[in-house]
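Visitor: I have a model open here and a few questions about its inside. Can we go through them one by one?

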Amino acid sequence: MTEILASEADLVEGTLSSFENRVDDTTSAKRAPWQQSMKAAIRSSRQLLEYVGLVGSNVVSDAAEREFPVFAPLEYVARMRKGDPADPLLSQVLAVSNEFTDVGGVEDPVGDGSAEIVPGLLQKYQRRALLITSGACAIHCRYCFRRHFPYSDAPTGMRGWAKALEAIEADSSLDEIILSGGDPLSVSDHVLEQLIERLNSFSHLKRIRVHTRFPVVIPSRVCDELLNWVQRSRCAVYFVLHFNHVAEIDSNVIAGLKQLRQAGATLLNQSVLLRGVNDSFEAQRDLCLKLVDHHVLPYYLHQLDLVRGATHFEVTDAQAQSIIESLRKALPGYAVPQLVREIAGQPHKTPL
Ligand SMILES: *Cc1c(COP(=O)(O)O)cnc(C)c1O
Ligand code: SF4
């Protein structure tokens, strides 16, 4: 899995260098603030433990880090409780030895390999297709079902997406394109703007959906350049954010959400139900309420995809259903997400 390490670093670097090439005399000081955040991110468990005051913890694993590198921007790490080994944000990013003592789990639990219709374009469901826009992410989530996905094979940039764009243009049964990855917002706005413009030129498309953790992890990613293409898009723009815990929502995050909404985007959230992170009624209630307070509708609560190395995060279906049942009693209907599991080969995500 060392290719993931190499390709991810290259993609982050690629994003940075294409940005630099565009402006001849760009120095590192002139990088967009979010690109500087990527550059300054914490890249090892040891560094991370030092930062949160937990030096000496013996749960970390070099082998797990080699398989899937640690990557956590400081803006995110700053929201962790210092000195708390069970912090719900820390648990999402720290590479631990449990990743190797897990039993079960497969490399491609959701059948992404067989859903690829042309390089970088996946279609599993009617009307919508998913473009792997970039292999790079704002953060590395240990439970990620794409931790074994061959990112390095995914083409990026207008030239890289050419085949996928031709396929989208030729298929008038599609009315929605999902930009995913990786994280599509790891691509510079200069390039995203061209992509959005091209998608908007296909008259059968009505909606563009952006699946991203950037507004959660690096709120400064919600910059004027981004807001500009959101605002100008003919197609309705949906952001599907990925908050897992209420402690991820601070005032900078809230400011970004407000700007996205003011630019005309509709905001949804998908979470993953994770043991030790958000597997209680109280954690889900607090997250869902905070989200709807800020105009973000809880969309999906995913049962974990059983990817190799992440099964220690698993929550039983019975516990998941009991949490949802308690949420239904406590919250308005629109604040309760759909509990789903992705089953390879099914025509939609499967409600539980
Ligand atoms: C999850 C997924 C979608 C989105 O499904 P919705 O139910 O519309 O949110 C679309 N395409 C692929 C390939 C997916 O994996
Ligand atoms: S941001 Fe999304 S794609 Fe990237 S590591 Fe996290 S869950 Fe996976």
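Visitor: How many nonpolar, polar and charged residues are in the lining of the largest cavity?
Guide: This is a predicted model. In it, that lining has 17 nonpolar residues, 11 polar and 11 charged.

Visitor: Which residues lie nearest the centre of the largest cavity?
Guide: Phe145, Arg146, Ser180, His211 and Gln270, out of 39 residues that line the cavity.

Visitor: Which strand gives the most to the lining?
Guide: S2, with four residues. At least two residues each come from several strands, including S2 (121-125), S3 (128-134) and S7 (266-272).

Visitor: What volume does the largest cavity have?
Guide: About 840 Å³. The structure holds three cavities of 30 Å³ or more.

Visitor: Changing topic to the largest nonpolar core. Which residues touch the most other members?
Guide: Leu199 and Phe239, in a core of 81 residues. Helix H10 (residues 189-200) supplies the largest share, five residues.

Visitor: Which domains does this core draw on?
Guide: At least three residues come from each of domain 1 (5-101) and domain 2 (113-351).

Visitor: Back to Phe239. What is Phe239 in contact with, leaving aside its neighbours within four places in sequence?
Guide: Among them are Leu185, Val210, Leu226, Trp229, Val230 and Leu260. Phe239 also contacts Thr212 and the run Ala265, Thr266, Leu267 and Leu268.

Visitor: And which residues does the second, separate core include?
Guide: Leu301, Leu331, Ala335 and Leu339 are included in that core of 13 residues.

Methods
Residues are numbered from 1 along each chain as its sequence is written. Chains are lettered from A and ligands numbered from 1 in the order in which they are written. This is a predicted model: local features need pLDDT of at least 70, side-chain atom pairs count only at pLDDT 80 or more; totals for chains, interfaces and linings use all residues. Side-chain values use heavy atoms; hydrogens and water are left out. A nonpolar core is a set of buried Ala, Val, Leu, Ile, Met, Phe, Trp, Tyr and Cys residues joined through side-chain atoms within 4.5 Å. Buried means under 20% relative accessible area, exposed over 50%, partly exposed in between (1.4 Å probe, protein chains only). Domain bounds come from an automatic or database domain assignment. Contact means heavy atoms within 4.5 Å. On a 1 Å grid over the protein atoms alone, a cavity is a set of points where a 1.4 Å probe fits but cannot get out, and a pocket is an open set with protein on both sides within 12 Å along at least five of seven lines; lining residues have an atom within 4 Å of a point. Grid points are joined across faces, edges and corners, and a volume is the space filled by probe spheres set on the points. Ala, Val, Leu, Ile, Met, Phe, Trp, Tyr, Cys and Pro count as nonpolar, Asp, Glu, Lys and Arg as charged, and the others, Gly among them, as polar.
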